[in-house]
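Hello,

Here is the structure I promised to pass on. Please open it first, then read my notes below.

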Amino acid sequence: MAHLRSRRRLALAVPVVLSLTASLGFLPAAASAAPATVSAEQAADAPALAYVVNTKADHRTIASVKRAVAAADGEVVVAYEKIGVIVVRSSNADFAKTLREVPGVQSAGATRTAPLAPAGTTDAGSAEYLTAADTAKLKAASAKTPGSEPLEADQWDLRAIGADKAAKINPGSRNVTVAVIDTGVDDTHPDIAPNFSRSQSANCFGGAPDTSQGAWRPYTAGDYHGTHVAGEIAAARNGVGVAGVAPGVKVSAINVTDPDNGLFYAEAVVCAFVFAADHGVEITNNSYYVDPWMYNCMDDPDQRAIVDAVNRAQLYAQRKGTLHFASAGNSNHDLASDAIVDASSPNDTTPVTRTIDPSECLDVPTQLPGVVTVSATGSENLKSYYSSYGKGVVDVAAPGGDGRYQLPDTPSKNGRILSTMPNGEYAWLQGTSMASPHAAGVAALLKSEHPWLPPAALQALLKAQAKNPGCPASYDQDGDGTQDATCEGGRAVNGFYGYGIVDALRAVK
């Protein structure tokens, strides 16, 4: 809350100075002195923003840039010298502009516009918690299938990709870890605890990892997103609750959210990718976009610096053997189109409607090179109504749920995804946030079968095994006579599904 307090002090200071200026305006000395007083108070009370400064990755350059940071009234939070990214806090409004002129600096920019709300996760709608009546009904239905988890009758998503059958062949290896870069994971949940890896978990808020006990957990029960995602990947088959796509692999948590507003800022995401790589994580799941910009435009120096910093970190992790998965987004945007209207950015102050070119303004980390971009499908294997898409952008598709148009023949008839929640609870959610972990879970099964495959080869095998339903003849979901999205491409590769819907059963065969 430090930033909020400083902003409040600034707001209170300005009216006082203005009133003094008005009352003493007939005195030349007072009138000329007033602006200087405002400037001094603003400088003292200005909110400290976070910046990423991207440099050549050599010790001499970084040492020189650190001196320039201090000279520009900046404080180094952490320096990732291996990738040339320095995380800085500064109250100097000209900090980024000043640093861009320093020799060796390749890009520099603020990672936020103001410390406000809301979050950039990619779930669509609020959670629907499982009631006692729901639980009893699901347990009775699940009991009819030997070997099922108590709530598995409602997990249409597992059956859609053959994960229920795959678990009987190979549930995944304990040597494979999927890190959930998200809002934190409740590792005390009975479905998550058996597979949780504490040694590969941390809290990266602020840009530096905190590995103290429990730092990776959600701040409140309302920060449930990461726990839901973790259960989709690796909820254990232990006779409790639900099952994950890869119930035998390990899952870790890297909490990257700001505790005051829930936002996913670039410095935390940089920290997460580097931490995952340095701690032997094979796969990361990224069901979010880096705030505050839904799309980061390369002609804006701040947004360019965000792209540069996060990309350096995720490429570093790829070089160390980590494959990344990211959600395509829930705006039903064609990410391969010529223009997209973004009315939500920046989401930490007042959004300004802008038209962007998605080839020049990137959804981060979704559109970064080597990252597997995942669109969402419903129970009928059709693109979910909310899911963004795009030929040449979407790599694969996976169940993310569609509670509006695709309702499954399950006890609840709920088209969303049932998974774990903090405090031992369960709930349905939908979104490309739910699709990405399904794909990550299948990749974890593949990695279990082929432990020496590097990220690029693992991604290629995932695509080769995916099943593509092809573009639908019509995509008029609401029946109003207008196509709600246009699928381009053929049976092998298209904009709705990329190379196809991931297949867990093929992964273990």
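**What I found**

Helix α7 (residues 163-169) gives the most to the lining of the largest pocket, with four residues. Bear in mind that this is a predicted model.

The largest pocket holds about 240 Å³ of space. Its lining has 13 residues. Nearest the centre lie Thr145, Ser148, Glu152, Asp164 and Lys168. By type, the lining splits into six charged, four polar and three nonpolar residues.

Next, the disulfides. There are three. Counted along the chain, the bonded cysteines pair as 1-2, 3-4, 5-6.

- Cys204 and Cys271 are joined, S to S 2.1 Å. Cys204 sits in the loop between β7 (202-203) and α8 (225-234) and Cys271 in helix α9 (residues 266-278), so the bond ties together parts 67 residues apart in sequence. The S-S torsion is about -60°, so this disulfide is left-handed. Both cysteines are buried.
- Cys297 and Cys361 have their sulfur atoms 2.1 Å apart. Cys297 is in strand β10 (residues 296-297) and Cys361 in strand β14 (residues 361-362), so parts 64 residues apart in sequence are tied together. The torsion here is about 105°, so the link is right-handed.
- The link is left-handed, with -65° about the S-S bond. Cys471 is partly exposed at 27% relative accessibility, whereas Cys487 is buried at 18%.

Last, look at helix α11 (residues 432-449). It has 18 residues and reaches 26 Å from first C-alpha to last. Of those 18 residues, 17 are buried.

Best wishes

Note on methods: Residues are numbered from 1 along each chain as its sequence is written. This is a predicted model: local features need pLDDT of at least 70, side-chain atom pairs count only at pLDDT 80 or more; totals for chains, interfaces and linings use all residues. Side-chain values use heavy atoms; hydrogens and water are left out. Helices (H or I, at least four residues) and strands (E, at least two) are DSSP runs, numbered from the N terminus. The expected span of a helix is 1.5 Å times one less than its number of residues. Buried means under 20% relative accessible area, exposed over 50%, partly exposed in between (1.4 Å probe, protein chains only). On a 1 Å grid over the protein atoms alone, a cavity is a set of points where a 1.4 Å probe fits but cannot get out, and a pocket is an open set with protein on both sides within 12 Å along at least five of seven lines; lining residues have an atom within 4 Å of a point. Grid points are joined across faces, edges and corners, and a volume is the space filled by probe spheres set on the points. Ala, Val, Leu, Ile, Met, Phe, Trp, Tyr, Cys and Pro count as nonpolar, Asp, Glu, Lys and Arg as charged, and the others, Gly among them, as polar. A disulfide is a pair of cysteine sulfur atoms within 2.5 Å.
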